[in-house]
Amino acid sequence: MASSPKNVGILAMEIYFPRTCVQQEALEAHDGASKGKYTIGLGQDCMAFCTAVEDVISMSLTAVASLLEKYEIDPKQIGELEVGSETVIDKSKSIKTFLMQIFEESGNTDIEGVDSTNACYGGTAALFNCINWVESSSWDRRYGLVVCTDNAVYAEGPARPAGGAAGLLLLKANLEAVICLMPMTSTSPILRVNTLFQKLEGKPFSISEADYFAFHSPYNKLVQKSFARLYFKDFLRDASLVDEAAREKLAPFSALSKDESYQSRDLEKATQQVAKHPYDAKVQPTTLLPKQVGNMYTAFLYAAFASLLHNKHDSLAGKRVIMFSYGSRLTATMFSFQLHNGQHPFSLLNIAMVMNVFEKLKSRLEVFLLLTALTFLGISLVILCLRSHLLHGKA
């Protein structure tokens with residue numbers, strides 16, 4: 001019996017997000033919220049949104065077509081297509097059904113895979129489905145394609161600034177993978193990240209053993225809290241893992257029970273303060289797209305990873321990235337990637353060039369500047385109300 005494929009991982013990535021957006025500062029002013037409520041309280045800078053003629057299907061079609069073209073991949077080379085999404089457009093058809101038109105044109109109708117829906121975890125479920133296919137006897141040596149796409153629209157009120165939209169693609173195989181999955185063991189997100197962190201590789205694990213962390217990112221403040229919790233976990237396990245100033249700051253909280261520690265606002269504030277330096281080094285490079293685009297549900301974890309590739313692609317070879325995925329109080333997984341430079345077109349440099357994050361953000365801002373902030377905000381809120389009505393039956 002043939003051995004399972006080794007070095008299963010990601011060869012290529014592409015991301016698409018709408019060019020239309022609302023600055024969170026402008027939304028604060030419009031909503032009559034206190035200054036900083038969305039930008040500091042949530043930690044968000046901007047929120048992308050789909051116009052009335054754009055949705056998760058069109059975003060996915062655009063991203064798939066772009067990935068195939070830019071990496072010069074024949075559509076016939078795709079053997080698995082997995083989609084993660086929680087945005088329902090057609091209750092009788094999967095998003096994959098619509099994406100198949102790209103492959104049917106080339107005569108490729110033999111593609112395995114389904115849509116996965118489990119809140120924000122759907123993208124990771126799709127990723128692992130694809131990994132399992134590559135590692136199985138069913139793998140026919142073609143590529144697997146993972147699509148994570150969502151449009152997060154909330155009705156007017158306190159939840160609206162936590163919206164966003166994007167489509168993100170991951171091309172998978174086991175042949176010279178640039179981003180290799182490392183085997184690991186995999187309420188609230190902070191409770192889950194705390195629990196899973198104890199199980200990594202079946203032994204005690206420290207923040208110092210990974211170079212970067214990408215988190216479940218509906219809004220950036222939750223990311224800050226999640227990393228701070230891991231820092232506190234290191235302190236409890238071995239105080240020598242944190243610096244002297246941090247030990248003094250955290251010592252008063254060492255006797256708290258687990259439940260008490262989750263409820264303590266003083267501890268939450270203290271851990272974020274003492275964890276700021278490692279956060280800036282290990283987490284901040286992953287936060288660009290989640291802060292600029294907003295809540296992407298199934299896509300935001302991988303948008304965080306895309307942010308890291310954008311910011312650090314020239315220094316990532318040999319680095320280890322911890323990924324934390326979470327879905328609606330039911331499912332969570334912590335896993336890691338080991339990165340390699342790769343060879344063109346499947347190289348870290350080319351992935352960053354293809355995603356072209358800087359130009360996409362710049363182009364979006366140029367659209368914003370074509371109109372006055374007030375006019376654009378008014379138009380955007382009308383569209384958001386319309387989409388909220390279409391998706392939820394209310395504005």
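## Strands that pair up

Two strands pair if DSSP finds at least two bridges between them, and strands themselves are DSSP runs (E, at least two residues), numbered from the N terminus, just as helices are runs of H or I with at least four residues. With that in hand, look at strand S1, residues 9-16: S1 and strand S8 (residues 179-182) pair in the antiparallel sense over 2 bridges. Across from Gly-9 you'll find Cys-180 in S8.

S1 is also mostly covered, with 8 of its 8 residues buried. Buried here means under 20% relative accessible area, while over 50% is exposed and anything in between is partly exposed (1.4 Å probe, protein chains only).

## What you're looking at

This is a predicted model, where local features need pLDDT of at least 70, side-chain atom pairs count only at pLDDT 80 or more, and totals for chains, interfaces and linings use all residues. Residues are numbered from 1 along each chain as its sequence is written, and side-chain values use heavy atoms, leaving out hydrogens and water.

## The nonpolar cores

A nonpolar core is a set of buried Ala, Val, Leu, Ile, Met, Phe, Trp, Tyr and Cys residues joined through side-chain atoms within 4.5 Å. The largest one has 82 residues, and those touching the most other members are Met-13, Phe-103, Leu-171, Ile-179, Phe-305 and Leu-309. Helix H13 (residues 300-312) supplies the largest share of this core, 9 residues. There's a second, separate core of 26 residues too, including Ile-207, Ala-270, Ala-275 and Tyr-326.

## A covered helix

Helix H5 runs over residues 122-134, so 13 residues in total, and reaches 19 Å from its first C-alpha to its last, close to the expected 18 Å. That expectation is 1.5 Å times one less than the number of residues. Since 11 of the 13 residues of H5 are buried, the helix is largely enclosed by the rest of the structure. Among those buried are Leu-127, Phe-128, Ile-131 and Trp-133.

## Rings side by side

Rings of Phe, Tyr and Trp (its six-membered ring) pair if their centres lie within 6.5 Å; planes under 30 degrees apart count as stacked, over 60 as edge-to-face and the rest as tilted. By this rule there are 10 aromatic pairs. Phe-213 and Phe-215 make a stacked one, at 6.1 Å centre to centre with 10 degrees between the planes. Phe-213 is buried at 1% relative accessibility, and Phe-215 is buried at 2%.

Phe-227 and Tyr-279 are edge-to-face, because their ring centres are 6.2 Å apart and their planes sit at 65 degrees. This pair links distant parts of the chain: Phe-227 is in helix H7 (residues 220-237) and Tyr-279 in helix H11 (residues 276-282), 52 residues apart. Ring pairs also link Phe-128, Phe-305, Phe-335 and Phe-337 into a cluster.

Ser-336 sits in strand S11 (residues 331-339) and is buried at 0% relative accessibility. Its side chain joins that of Arg-320 in a polar contact of 3.4 Å. A polar contact is a pair of N or O atoms within 3.5 Å; within protein, one must be able to donate a hydrogen and the other to accept it, and residues adjacent in sequence count only if both atoms are side-chain atoms.

Phe-253 lies in the loop between helix H8 (244-250) and helix H9 (258-263), and is buried with a relative accessible area of 15%. Leaving aside neighbours within four places in sequence, Phe-253 is in contact (heavy atoms within 4.5 Å) with Phe-232, Ser-264, Asp-266, Leu-267 and Ala-270.
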